[in-house]
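Keep the sequence and the coordinates side by side as you read.

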Amino acid sequence: MPETTKRIISLTINGTRHEDAISDNLLLVDYLREDKRLTGTKQGCDGGECGACTVLVDGQSRISCITLAASCHGCDIHTIEGQAQNGRLSAVQRAFHEHLGTQCGFCTPGMIMAAEGLLRRSANPDDDEIRAALGGNLCRCTGYVKIIKSVRAAAEALQ
Amino acid sequence: MSETLPGFRLTQPESVDQAVAAMRAEPDSRFLAGGTDLIVNMRRGLAEPKNLIDLNGIAELRSITQDVDGLHIGAAQTLREIGEDEDIRHRYCAVAQACDVIAGPGHRNVATVGGNLCLDTRCLYYNQSHWWRKSNNFCLKYKGDICHVAPVGKRCRAPFCGDLAPVLMVHGAEIELAGPDGRRRIALADLYEEDGADHLRLAPQEFIVSVHVPPVDAASVRSGYAKVRVRGAIDFPLAGTAVLCNKHDNGSMVFVVALTGTNSRPFLLGGVDPVAPGQNLDEAFDQLEKLVQKQVSPQRTTTTAAHYRRLAVAALTRRLARELAADLADG
């Protein structure tokens, strides 16, 4: 096995500054789940095909299972753990809860982060925009109708 | 812990010269752009470079400009940035359309034009886990000596499935390459050859610096892109077609067509006759459909039948050409 070097990365996760020594070949999903114990970000396909591991990097949705942690040096990362504030669900989380956008829940953190990324750049998206923004996230409970309804409700709540 | 990546060192050059020097120092390296193809392949054991050279920190590779010579796109420009550029959406419609429908939003936020042009070819027998491929005695493309798609042949039939190559080819794009022997500029169409195991005509240690597209007269040119795939997102194209329609002052019309997903290289459709003023356009569409059916060569590289892909991409080409011609006629 070729040698792997280590480096120091400095980044912000859910508003808190972190500085860690990591291997060059460490994936962002493993950094979040194993090093930072932020296990809300799920591992699904491990190949960038399901979106379960979606997080926001500098406000944009990113697939953390195919992202090198080293490439996130200096970045602002948001995960599902940072959405609820002071015990209150975020607007998107609340909408998913109230409109049954969650079934088994495995895809939900990725869905919510993708939706969060959409609503940060488009305050009042139509259904086509919502579908496009969630196009990289799979739900095997086939609950897409409720999920889209939840995102629409979150957008209305944020108006 | 997930299926981890093999060990490697990450080098982050800040200039093209530094990237070239890094590759010269470590010839076993691979260039890394968005990583949406390479990282996945590394996780599947399809590539084990000792060193990755990350091109994203090179400012020269991160720009979109337009001048009298046309459109210039840095190779590390992301698909999202290209797709959102208003000038590209207006003048190079096919390019924006292709960017909008590649993979999913999380991919497009990091995937780059250079990476998309250099995508690895794909096959049912190749894009699998290591144990799956090992149990099948690997394949001609990687570590094996037989093509499971065409066992009697000696050539890998894995198709190229990038979406940006055909749209840039119909617009007559050129690419600038950098390597140990300096820089050179070639037609994008000349980057590819019909060999699934070695489909890029890059010299050793070369990489794409930028893409250059000639200027377009928005009044007389229309272009578009269409593809067929299993799902409406994430999936690579089973087959894709880019069409450019150029109406001349004398009323004649020229169609330029490029195909992807069907052969080991994206290619420009040959033998397309210009449409004379007053000529029945349906005859031209018939010719396009027949030429596509004749020149594409889909194989059993996907779970979808090769025959379906041949017919589908021919029908898509006809439909797209008709729509573009109608749009031009409407002004």
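**Strands, sites and chains**

Strand E9 of chain B and strand E10 (residues 239–247) of chain B are joined by eight bridges and run antiparallel. Strands here (E, at least two residues) and helices (H or I, at least four) are DSSP runs, numbered from the N terminus. Two strands count as paired if DSSP finds at least two bridges between them. Within this pair, Val228(B) sits opposite Ala239(B) of E10(B).

This is a predicted model, in which local features need pLDDT of at least 70 and side-chain atom pairs count only at pLDDT 80 or more, while totals for chains, interfaces and linings use all residues. Residues are numbered from 1 along each chain as its sequence is written, chains are lettered from A and ligands numbered from 1 in the order in which they are written, and side-chain values use heavy atoms, leaving out hydrogens and water.

Now widen the view to the sheet. E9(B) and E10(B) belong to an open sheet of four strands, in the order E9-E10-E11-E12 (chain B), with antiparallel pairing. Strand E9 (221–228) and strand E12 (267–268) of chain B are the edges, each with a single partner strand, so one side of each has no neighbour in the sheet.

Stay on strand E10 of chain B, where Val243(B) lies. Is Val243(B) buried or exposed? Val243(B) is buried, at 0% relative accessibility. Buried means under 20% relative accessible area, exposed over 50%, and partly exposed in between (1.4 Å probe, protein chains only). Which residues does Val243(B) contact, beyond its neighbours within four places in sequence? Among them are Arg222(B), Ser223(B) and Gly224(B), along with Phe255(B), Val256(B) and Val257(B). Thr317(B), Leu320(B), Ala321(B) and Leu324(B) are also in contact with Val243(B). Contact means heavy atoms within 4.5 Å. Ala226(B) is 17 residues from Val243(B) along the chain, and their C-alpha atoms are 8.7 Å apart.

Strand E6 (residues 174–179) of chain B and strand E7 (residues 182–187) of chain B run antiparallel, with six bridges between them. Ile175(B) has Ile186(B) of E7(B) as its bridge partner.

Next, a loop. Asp37(B) is found between strand E2 (30–32) and helix H2 (38–43) of chain B. With a relative accessible area of 13%, Asp37(B) is buried. Leaving aside neighbours within four places in sequence, Asp37(B) contacts Leu119(B), Asp120(B) and Arg122(B).

Step back to chain B as a whole. Chain B has eleven helices and twelve strands. Its radius of gyration is 20 Å, close to the 20 Å from the globule rule for 331 residues, so chain B is as compact as a globular protein of that length. That radius is taken over C-alpha atoms, and the rule is 2.2 Å times the number of residues to the power 0.38. The C-alpha trace of chain B spans about 65 × 45 × 35 Å along its principal axes. Of the 331 residues, 55% count as buried.

Chain A has five helices and five strands. From the N terminus on, its elements run β-β-α-β-β-β-α-α-α-α. Of the 159 residues of chain A, 55% count as buried.
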